[in-house]
Amino acid sequence: MIRTRIRELLVTTPGQDLVQAAGWIRTRRDSKGGFSFLEINDGSCFANLQVIADQGLANYASDIRRLHPGASVRVQGRLMASAGAGQAVELHATEVQVLGFCDPESYPLGKQRIHFDRLRELAHLRARTNAFGAMARVRNVLADEIHRFFQARDFLYLHAPVITANDCEGAGAMFQVTTLDLARVPRTAMGAVDYDQDFFGRRASLTVSGQLEGETYACALGDIYTFGPTFRAENSNTRRHLAEFWMIEPEMAFADLQDDAALAEALLKHTFAAVLRRCPDDLAFFEQRLQPGLLARLERLATSTFRTITYTEAVELLTKANRTFEFAPQWGMDLQSEHERYLTEEVFQGPLTVINYPRAIKAFYMRRNDDERTVAAMDVLLPEVGEIIGGSQREERLEVLERAIRDRGLDPATYNWYLDLRRFGSVPHAGFGLGFERLVQFCTGLHNIRDAIPYPRAPRTCEY
RNA sequence: UCCGGCGUAGCGCAGUGGUAGCGCAGGUGGCUGUUAACCACUUGGUCGCAGGUUCGAAUCCUGCCGCCGGAGCCA
């Protein structure tokens, strides 16, 4: 007999047919009436299946009374309407097969509540908790819906390389990839590391962004998106940063900043609506245990219109704000976290798109605006989470782009292939990067981004 | 990396110089179509590590390690 997922059993009409469920024990309650209640969870949904295991079962005393949270079982029986409150149906077992016992003395997860901090030290077991089961299901739905969103709009899913030789992509520190023997690094005559002897014959790193590669395909196929792992070797120790995270980077040819912002808004609203529709039980858990108001906020945002202001307007709002900031807002300085939070959490109380940032504080590839002072950049800011999307219209004018590279002390020769896009049939194009874990964070209310990914990588954190 | 906080039983915590405690979990017994079950009894600790002050340190001092929060970097 094939096992049926609990998600399906819970909405099945009671009947005389034998069905089979399999999963892990969450709790066992014994009745002196001569039977036990087993609650089992198989990860297919948030809810558990209540199993009635009667003393008439051959292994009742020998096995069933020894079941503890974490033990794995396969149960055969008949679905009946439940006499108790809390569940519509329950499984009256005709056979309970114990697949693996779980010693309660040494098993770290019991019935008691465990803090997220502690669970990070149990990354291999935390998937068995309510919170991480819910996180994993929400994460899965969000990933699926991102693909659905883009595929429905005829965006091509592009697999950007994970290993790259672009060591100056504008973003932060990179993880080096090498097969050299670090105990005996080969040197050139000048004493430098001889990368000619390395695997790729040159210095290589893990990607910090698929954008440049994305642009090359957008400038051939029109609309593309990437969705893959991204690596930043920054020594960031915050609840919003990971050393390894997943990023979605759409790139559209024949598009400007307004098209870019519209796409970002549509994508976010699509994911909010989808997760509300597909993960009601998981979100209800997060609403109840982590963040009251989560559901109402997602529902509101799914149908709202995002506000857009320019960077200059943002600075004006901050300057006029009836409060003091640790860092006084000033045109030309990047917005501080406290500024972004004030704008999203107090002024607009919702998502906010800020466009047209000062040239000097943004990357070289962003398109220079006619005012010469700003570039066609945008950040989408969310309450609590902060910057979830960063994007821009790309500079398509060869001379302007070359000058921007030189202005930053970079060598245009390094970007030769990138500049080729502007030499040969250049077109206006735009795109952005969406931090996937920050989206998961926002949709779940999880406080720390390290709980929004199965195995977080961060400074000094790579045990599992 | 900087600033702040915290490391005491498997987990969550109290204990601010004088014999290490509580709740939960676990075990045993009782009770019950139960559902964070309940009641009684009970097992369990090198107080993060190293040094120092003191008759005496979980407690005070110094250093180190780890974790969390805030900041910076950004998605």
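**Figure 1. Cys219 and Cys45 in the predicted model.** Cys219 is partly exposed, with a relative accessible area of 27%. Cys45 is buried at 8% (buried is under 20% relative accessible area, exposed over 50%, partly exposed in between; 1.4 Å probe, protein chains only). The whole structure has zero disulfides (pairs of cysteine sulfur atoms within 2.5 Å). For Cys45, the nearest cysteine sulfur belongs to Cys279, 11 Å away. Because this is a predicted model, local features need pLDDT of at least 70 and side-chain atom pairs pLDDT 80 or more, while totals for chains, interfaces and linings use all residues. Residues are numbered from 1 along each chain as written, chains are lettered from A and ligands numbered from 1 in the order written, and side-chain values use heavy atoms, without hydrogens or water.

**Figure 2. The buried side of helix H8 (residues 311-320).** Tyr311, Ala314, Val315 and Leu318 are buried in H8. They lie on the same side of the helix, because their arc around the axis (from directions to the C-beta atoms) is only 100°. These residues pack against strand S12 (307-310), helix H9 (337-347) and strand S13 (352-358) (contact: heavy atoms within 4.5 Å). Helices (H or I, at least four residues) and strands (E, at least two) are DSSP runs numbered from the N terminus.

**Figure 3. The protein surface near RNA strand B.** A side-chain N or O atom of Gln50 is 2.9 Å from a base oxygen of RNA strand B.

Terms used. A residue is near a molecule or strand if one of its heavy atoms lies within 4 Å of it. A polar contact is a pair of N or O atoms within 3.5 Å; within protein, one must be able to donate a hydrogen and the other to accept it, and residues adjacent in sequence count only if both atoms are side-chain atoms.
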